[in-house]
Amino acid sequence: MAIFEWKSEYDTGIAEIDNQHMVLVSLINELHILVNEKFDRALAEEIFEKLKKYAFFHFATEENLMAQYHYDAHDNEAHLAQHRQFESEFKSVQADFENITLEECNVVLSYLTNWLTNHICKVDKRLADHIHQQRQAESEGSTHYSSAELVAQSVTEEEAISVIGSLHITQKHIGNTGEMLEQLEACIDELQYHCDVMVQSASDSVFSNMSATAHYKCTHGLKLVKLIRSNHEYLKDALNKLE
Ligand SMILES: [Fe+2]
């Protein structure tokens, strides 16, 4: 029997979240079967690494959705805190992996199963409710006015002209920011590649650790740029609707 049985009550109704949760569950099950059939530490470590990368990618997906759907600041903070706690616990397990026993591996897998079940049922479902509400509101259609309508509805024509002028200036700046973000993302991406090469070719451990830290910072930087770009796209769309 699989350690993590998927149940319909874990569905959030948000396809990108549910599909990724199911991949995480199957990775945990794969790892559980592997270690209990024949304990192979090296292979277990490999799948553990795969699980970590996928979990981090999944967290980034959820965090992008939080930014895209303007999640409440308090809920956002609480959700991010859980993701960061999981990441740090996962890394500390990996740091001691050399000496891990089969029993300890099973304890870690039970912990991951409980953590994910609890996380999905509480914080992920809360986020999903918010996204459902936002999507519902969007599908009901927002009212937006053309420039001419703005002029017609404004208290004075002078005020409307001033609003439209500001709108055009903002659109111009937001266009420039979009190009800069694209260039920044390409720079960090290239930096990350160089860090990767340095980690692999480093001969002393101090340099190797420094390169690995730089690589991790690049990953974090890329995540931030993606979040900013997602906010930026949202702003650009909102401005275009106003025109
Ligand atoms: Fe989450």
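Which residues of α3 are buried? They are Asp75, His79, His83, Phe86, Glu87, Phe90 and Gln94, where buried means under 20% relative accessible area, exposed means over 50%, and partly exposed lies in between (1.4 Å probe, protein chains only). This is a predicted model, in which local features need pLDDT of at least 70 and side-chain atom pairs count only at pLDDT 80 or more, while totals for chains, interfaces and linings use all residues. Residues are numbered from 1 along each chain as its sequence is written, and side-chain values use heavy atoms, with hydrogens and water left out.

**Helix α3**

- Helices are DSSP runs (H or I, at least four residues), as strands are (E, at least two), and they are numbered from the N terminus.
- Helix α3 covers residues 73-95, and its 23 residues should span 33 Å at 1.5 Å a residue, which agrees with the 33 Å between its end C-alpha atoms; the expected span is 1.5 Å times one less than the number of residues.
- At the start of α3, a side-chain oxygen of aspartate 72 comes to within 3.1 Å of the backbone nitrogen of histidine 74.

**The iron site**

- The iron ion has as its protein donors Glu62 (OE), His79 (NE2), His83 (NE2), His119 (NE2) and Asp124 (OD), which lie 1.9 to 2.4 Å from the ion.
- Donors are N, O and S atoms within 2.8 Å of the metal (3.2 Å for Na, K and Ca), and because water is not among the atoms, sites may look incomplete.
- Along the sequence, the spacing of the donor residues of the iron ion is E-x16-H-x3-H-x35-H-x4-D.
- Glutamate 62 belongs to helix α2 and aspartate 124 to helix α4, so this pair ties together parts that are 62 residues apart in sequence.
- Both glutamate 62 and aspartate 124 are buried, and His79 and His83 are also listed among the buried residues of α3.

**Salt bridges**

- The structure holds six salt bridges, a salt bridge being a side-chain nitrogen of Lys or Arg within 4 Å of a carboxyl oxygen of Asp or Glu.
- Arginine 126 pairs in this way with aspartate 75, with the closest N and O atoms 3.1 Å apart; since arginine 126 lies in helix α4 (residues 102-139) and aspartate 75 in helix α3, the pair ties together parts that are 51 residues apart in sequence.
- Aspartate 75 has a relative accessible area of 17% and is therefore buried.
- Arginine 84 and glutamate 87 form another salt bridge (3.0 Å, N to O), and both residues lie in helix α3, three residues apart, about one turn of the helix.
- Salt bridges that share partners join Glu49, Lys52 and Lys53 into one network.
- Lysine 52 counts as buried at 15% relative accessibility, while glutamate 49, with a relative accessible area of 26%, is partly exposed.

- Aspartate 18 is found in helix α1 (residues 15-37).
- Although aspartate 18 is buried, this residue has no salt bridge, and the nearest side chain of opposite charge, lysine 125, is 8.0 Å away; here Lys and Arg count as positive and Asp and Glu as negative, with His and the chain ends not counted.
- Not counting residues up to four places away in sequence, aspartate 18 touches Tyr10, Asp11, Thr12 and Gly13, contact meaning heavy atoms within 4.5 Å.
- Glutamine 20 also lies in helix α1 and counts as buried at 8% relative accessibility.
- Apart from neighbours within four places in sequence, glutamine 20 is in contact with Tyr54, Phe57, His58 and Thr61.

- Histidine 70, found in the loop between α2 and α3, has a positive phi of about 50° although it is not a glycine.
- Most residues other than glycine have a negative phi.
- Histidine 70 is partly exposed, with a relative accessible area of 40%.
- Tyrosine 111 has its place in helix α4 and is partly exposed, with a relative accessible area of 34%.
- Tyrosine 111 touches Gln85 and Glu89, not counting residues up to four places away in sequence.

Terms used: A polar contact is a pair of N or O atoms within 3.5 Å; within protein, one must be able to donate a hydrogen and the other to accept it, and residues adjacent in sequence count only if both atoms are side-chain atoms.
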